[in-house]
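Have a look at the model first, then read on.

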Amino acid sequence: MSYENSNLRCRNCKFWWPLADDQPETHLRQHAKRGECRRHAPAPSSSTVQEWAIVQNDGWCGEHSHVGMDDG
């Protein structure tokens with residue numbers, strides 16, 4: 001049995017943030033196709049700019065946490 005279902009997608013996850021280049025005027029998660037997964041911090045690098053992983057709105061990693069859920 002798989003725990004993956006249509007409700008467990010990046011667009012519904014509190015760790016996903018839509019990219020401004022997909023919807024610069026609205027920046028709404030329901031319209032964006034791609035976003036940043038902010039579940040795990042990016043590895044430190046020698047440059048001053050660090051980037052989060054870019055994922056599709058219909059992706060699923062198995063560590064999903066719904067938007068609006070309390071952490072404790």
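## One partner in a pair

Let's start with Glu-63, which is partly exposed at a relative accessible area of 36% (buried means under 20%, exposed over 50%, partly exposed in between, with a 1.4 Å probe and protein chains only). Glu-63 makes a salt bridge with Arg-39, their closest N and O atoms sitting 3.0 Å apart (a side-chain nitrogen of Lys or Arg within 4 Å of a carboxyl oxygen of Asp or Glu). This pair ties together distant parts of the chain, 24 residues apart: Glu-63 lies in the segment after strand S3 (53-56), and Arg-39 in the loop between strand S2 (34-37) and S3. Arg-39 is partly exposed too, at 34%.

## The other pair

How many salt bridges are there by this rule? The count is two. In the other one, Arg-38 meets Glu-36 at 2.7 Å, N to O. Arg-38 is partly exposed at 37% relative accessibility, while Glu-36 is buried at 16%.

## The whole chain

The protein chain has three strands and zero helices (DSSP runs numbered from the N terminus: E of at least two residues for strands, H or I of at least four for helices). Of its 72 residues, 22% count as buried.

## About the model

This is a predicted model: local features need pLDDT of at least 70 and side-chain atom pairs count only at pLDDT 80 or more, while totals for chains, interfaces and linings use all residues. Residues are numbered from 1 along each chain as its sequence is written, and side-chain values use heavy atoms, leaving out hydrogens and water.
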